[in-house]
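Here is a short briefing to read with the model open beside you.

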Amino acid sequence: MMTIREYKRAESLEEAWQLNQKKPNRILGGMIWLKMETINVGTAIDLSGLGLDTIEENEEGFSIGAMVTLRQLEQHPGLAAYTHGAMRETVRHIVGVQLRNLATVGGSIYSRFGFSDVLTMFLAMDCDVELYKGGILPLHEYAQRPYDRDVLVRLIVKKTPMQLYYQSVRNSQTDIPVLTCAAARLETGDYRIAIGARPLRAVRFELPAEPALAAEQLAAQFAESIKAQIVTGSNMRGSAEYRRHLAGVLTKRAVLELEQRKMQEEK
């Protein structure tokens with residue numbers, strides 16, 4: 001159970017940052033997972049009045065505010081087109097529409113939950129985070145950092161030419177995932193594979209192009225490479241060995257899918 005002593009709707013990022021420097025205070029976000037903790041919150045900080053709930057698109061990319069909901073990600077036509085439907089696939093299993101209308105991008109990325117579909121997907125993309133004091137830095141660096149008391153303002157996604165594919169394994173349709181996998185094939189033929197729900201934080205692997213290999217060989221080689229490198233753990237949803245096996249299976253499926261798309265484009 002969470003107990004809140006005071007509530008404050010921040011009027012500026014500076015005010016939100018100042019309030020967040022005190023250890024008992026918390027930024028609310030969508031308050032989906034936060035309310036499940038047993039904590040005493042001094043001041044609950046609400047960012048909903050700061051205009052961070054929009055997705056802005058231009059020729060270079062997307063600016064996604066921290067208060068954008070997962071439902072907005074799911075329904076945004078620009079993200080759907082750029083990711084070839086992968087963004088919708090990323091969030092559609094997350095409980096239900098009611099929850100996705102509340103859960104925020106900022107909450108998902110800041111918390112860096114091991115089970116986060118959202119973090120896994122954005123890791124495969126060319127994505128930066130903007131912090132109020134810390135400035136702009138690559139998401140894959142931020143994802144490995146320890147928690148701090150800075151304020152996450154937005155995600156910045158560059159429209160780097162790439163093909164994207166997302167998949168997850170769940171024990172039931174809307175359960176927390178057993179393993180997640182996002183794959184990107186760059187124009188150079190290089191691959192970027194992000195694996196989450198290990199059940200540790202999602203991690204990213206860079207795999208160089210192998211133009212001499214057929215699709216099946218390439219998929220098998222990359223699958224073995226991921227299995228050899230990845231660190232997995234066990235919990236109630238699956239064992240470390242099972243997750244390592246799944247990492248290879250999902251990597252192989254993703255590479256075969258993206259190689260198939262490339263061949264179709266070349267016809």
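Predicted model: local features only at pLDDT ≥ 70, side-chain atom pairs only at ≥ 80, totals over all residues.

Buried means under 20% relative accessible area, exposed means over 50%, and partly exposed is in between, using a 1.4 Å probe and protein chains only. Residues are numbered from 1 along each chain as its sequence is written, and side-chain values use heavy atoms, with hydrogens and water left out.

**The nonpolar cores**

- A nonpolar core here is a set of buried Ala, Val, Leu, Ile, Met, Phe, Trp, Tyr and Cys residues joined through side-chain atoms within 4.5 Å.
- The largest such core has 42 residues, and the members touching the most others are Ile64, Leu73, Ile109, Phe122, Leu139 and Leu164.
- Helix H7 (residues 117–124) is the top contributor to this core, with six residues; helices (H or I, at least four residues) and strands (E, at least two) are DSSP runs, numbered from the N terminus.
- Because domain 1 (55–158) and domain 2 (162–266) both give residues to this core, it lies between them; the domain bounds come from an automatic or database domain assignment.
- Beyond its neighbours within four places in sequence, Ile109 is in contact (heavy atoms within 4.5 Å) with Val118, Leu119, Phe122, Val129, Leu139, Tyr142, Leu152 and Leu155.
- There is also a second, separate core of 22 residues, including Tyr191, Ile193, Leu207 and Ile230.
- As background, nonpolar side chains tend to be buried together in soluble globular proteins.

- Ser116 caps the N-terminal end of H7, with a side-chain oxygen 3.4 Å from the backbone nitrogen of Val118.
- Thr180, in strand E10 (residues 179–186), is buried at 0% relative accessibility.
- The side chains of Thr180 and Thr120 are joined by a polar contact of 2.9 Å. Such a contact is a pair of N or O atoms within 3.5 Å; within protein, one must be able to donate a hydrogen and the other to accept it, and residues adjacent in sequence count only if both atoms are side-chain atoms.
- Ile94 sits in the loop between helix H4 (86–91) and helix H5 (97–100), and is buried at 11% relative accessible area.
- Residues up to four places away in sequence aside, Ile94 touches Leu70, Leu99, Arg100, Asp117, Val118 and Arg170.
- Ile94 and Ile176 are 82 residues apart in sequence, yet their C-alpha atoms are 7.6 Å apart in space.

**Aromatic rings and charges**

- The whole structure has four aromatic pairs. Rings of Phe, Tyr and Trp (its six-membered ring) pair if their centres lie within 6.5 Å; planes under 30 degrees apart count as stacked, over 60 as edge-to-face and the rest as tilted.
- Phe113 and Phe115 form a stacked pair, 4.9 Å centre to centre with 10° between the planes; Phe113 is partly exposed at 25%, and Phe115 is partly exposed at 23%.
- Tyr191 and Phe222 have ring centres 5.5 Å apart and planes at 65°, so this pair is edge-to-face.
- That pair links distant parts of the chain, 31 residues apart: Tyr191 is in strand E11 (residues 191–196) and Phe222 in helix H9 (residues 215–229).
- Tyr191 is buried at 0% relative accessible area, and Phe222 is buried at 2%.
- The charged end of Lys159 sits over the ring of Phe62, 5.0 Å from its centre. For this label, NZ of Lys or CZ of Arg must be within 6 Å of the ring centre and within 35 degrees of the ring normal.
- The charged end of Arg201 sits over the ring of Tyr147, 5.0 Å from its centre.

**Backbone details to check**

- Most residues other than glycine have a negative phi, and most peptide bonds are trans.
- Arg112, in the loop between helix H6 (105–111) and H7, has a positive phi of about 50° although it is not a glycine.
- His84 also has a positive phi, near 55°; His84 lies in the loop between helix H3 (77–82) and H4.
- The peptide bond from Arg198 to Pro199 is cis, with omega near 20°, and Pro199 is in the loop between E11 and strand E12 (203–207).
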